[in-house]
Amino acid sequence: MKKKGLLVLGVIAGGAVAGTLAVAKEKLPEHLRELLELGMHPGHVFVDEGRDYYHNLKGPNGKTCATCHGQDGAKLVGAYAKMPRYYKDIDAVADIDLRIYKCMTKYMGFDPKDKKFKKKYLKTYRVPLATYVASLSNGMKIDVKIQHPKEKEMYELGKKVWFTRAGAREFSCAMCHMVLAGRRIRLQGLPNPVKAKSYNHWPAYRFGSDKMWTMEDRVRTCFRAYFLFLNKWDEKKDWVKTPPFFAKEVIAVELYMKHASNGGVIEVPGLVR
Ligand code: HEC
Ligand code: HEC
């Protein structure tokens with residue numbers, strides 16, 4: 001093995017952990033276990049909030065999501081199971097985070113140049129709306145197709161991102177999530193989201209930090225935490241660098257992972273550490 005490979009292994013304390021999909025019930029904090037037993041999932045608050053925005057948040061032109069997509073998301077049932085995918089109206093492959101942003105700026109009258117609105121979208125509306133829309137596909141099988149040339153291009157890019165070793169430590173997604181899957185890093189077991197089809201439980205509620213995350217949040221954070229986004233890494237400038245929202249590389253790797261999760265049954269919001 002190359003010296004670098006050994007170094008990488010040195011960072012990670014050995015220890016067998018089953019490739020965790022969602023979290024084993026026994027591992028949950030007690031108060032959460034009790035809530036779940038009462039049928040109360042902490043992530044449901046976000047679904048409810050998203051449902052509220054969906055019906056009541058009006059754009060400057062007076063439209064709501066329901067104006068076009070129907071009461072109770074009638075026309076979006078099953079949509080999340082097929083995303084990310086190519087959309088003709090925006091001529092791009094979009095994940096849920098980008099798709100909703102485009103609907104708000106293209107169809108509801110919000111100004112795409114308005115930085116304040118973008119910030120508000122990213123911080124306030126995005127996660128609840130994405131979680132609500134995703135929940136409309138609960139119980140359905142993931143069915144992402146790679147057909148349109150732009151989907152093919154993004155899929156190839158996603159695969160490349162997954163396997164490319166980059167950043168200060170020359171990690172790659174695959175390095176942690178395939179080669180080292182099952183081991184531990186910073187006391188966390190490393191899952192294999194490709195083999196385990198774990199896209200099925202995203203967006204997920206992270207009980208360690210009391211936050212709901214979409215897959216973009218998860219992937220962007222993995223990029224940041226391990227400095228993957230950079231080929232050359234400058235310690236002063238780039239200590240913590242997260243790719244921007246909607247970055248092509250992020251959506252591409254989501255497409256790659258979700259395609260690998262085809263057949264997995266959607267169950268959101270998930271529950272992760
Ligand atoms: C004025 C009409 C309009 C409004 C309002 C609107 N959208 Fe859309 N939406 C569209 C169109 C058009 C598409 C593209 C449909 C296609 O190509 O299949 C779309 C696509 C989508 C998709 C992907 C559907 C699929 O089948 O893959 C989602 C999810 C979505 N919108 C969510 C929302 C949400 C959430 C809101 C409110 C924040 C919203 N939209 C507001 C018109 C609208
Ligand atoms: C240095 C190791 C490391 C690298 C590199 C890394 N991750 Fe992660 N990843 C983690 C850890 C740690 C977790 C959290 C595991 C947990 O919650 O128990 C995680 C979680 C995830 C999850 C959630 C899995 C699940 O079971 O729900 C996905 C998806 C993911 N990473 C994707 C990626 C992608 C895509 C890349 C490359 C851009 C990447 N990761 C790079 C360490 C890494």
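**Exercise 1.** Which residue just after α5 takes a positive phi?

*Solution.* The model is predicted. In it, the residue that follows directly after α5 is G109, with a positive phi of about 90 degrees.

**Exercise 2.** Determine how the end-to-end span of α5 agrees with expectation, and describe how α5 is covered.

*Solution.* Step 1: α5 has twelve residues, and at 1.5 Å a residue these should span 16 Å. Step 2: the end C-alpha atoms of α5 are 16 Å apart, which agrees. Step 3: nine of the twelve residues are buried, so α5 is mostly covered. Among these buried residues are I96, L98, Y101 and M104.

**Exercise 3.** Identify the residues that coordinate the iron atom of ligand 1, and state the arrangement of its donors.

*Solution.* Step 1: H69 (through NE2) and C103 (through SG) coordinate the iron atom, at 2.0 to 2.3 Å. Step 2: H69 belongs to helix α4 (residues 65-69) and C103 to helix α5 (residues 96-107), so the pair ties together parts that are 34 residues apart in sequence. Step 4: C103 counts as buried, at 15% relative accessibility, whereas H69, at 25%, counts as partly exposed.

**Exercise 4.** Classify the crossing of α7 and α10.

*Solution.* Step 1: the axes of α7 (residues 149-163) and α10 (residues 248-260) come within 7 Å and cross at roughly 90 degrees. Step 2: angles of 65 to 115 degrees count as roughly perpendicular. Step 3: α7 and α10 are therefore roughly perpendicular to each other. Residues in this contact include Y155 and W162 in α7, and L255 and Y256 in α10.

Conventions
Residues are numbered from 1 along each chain as its sequence is written. Chains are lettered from A and ligands numbered from 1 in the order in which they are written. This is a predicted model: local features need pLDDT of at least 70, side-chain atom pairs count only at pLDDT 80 or more; totals for chains, interfaces and linings use all residues. Side-chain values use heavy atoms; hydrogens and water are left out. Donors are N, O and S atoms within 2.8 Å of the metal (3.2 Å for Na, K and Ca); water is not among the atoms, so sites may look incomplete. Four donors count as tetrahedral if all angles lie between 85 and 135 degrees; four count as square planar and six as octahedral if opposite donors are over 155 degrees apart and all others between 65 and 115; anything else is irregular. Helices (H or I, at least four residues) and strands (E, at least two) are DSSP runs, numbered from the N terminus. Buried means under 20% relative accessible area, exposed over 50%, partly exposed in between (1.4 Å probe, protein chains only). The expected span of a helix is 1.5 Å times one less than its number of residues. Axes are lines fitted to C-alpha atoms, for helices over the stretch in contact, and angles run from 0 to 180 degrees between N-to-C directions. Angles under 35 degrees count as roughly parallel, over 145 as roughly antiparallel, 65 to 115 as roughly perpendicular and the rest as oblique. Contact means heavy atoms within 4.5 Å.
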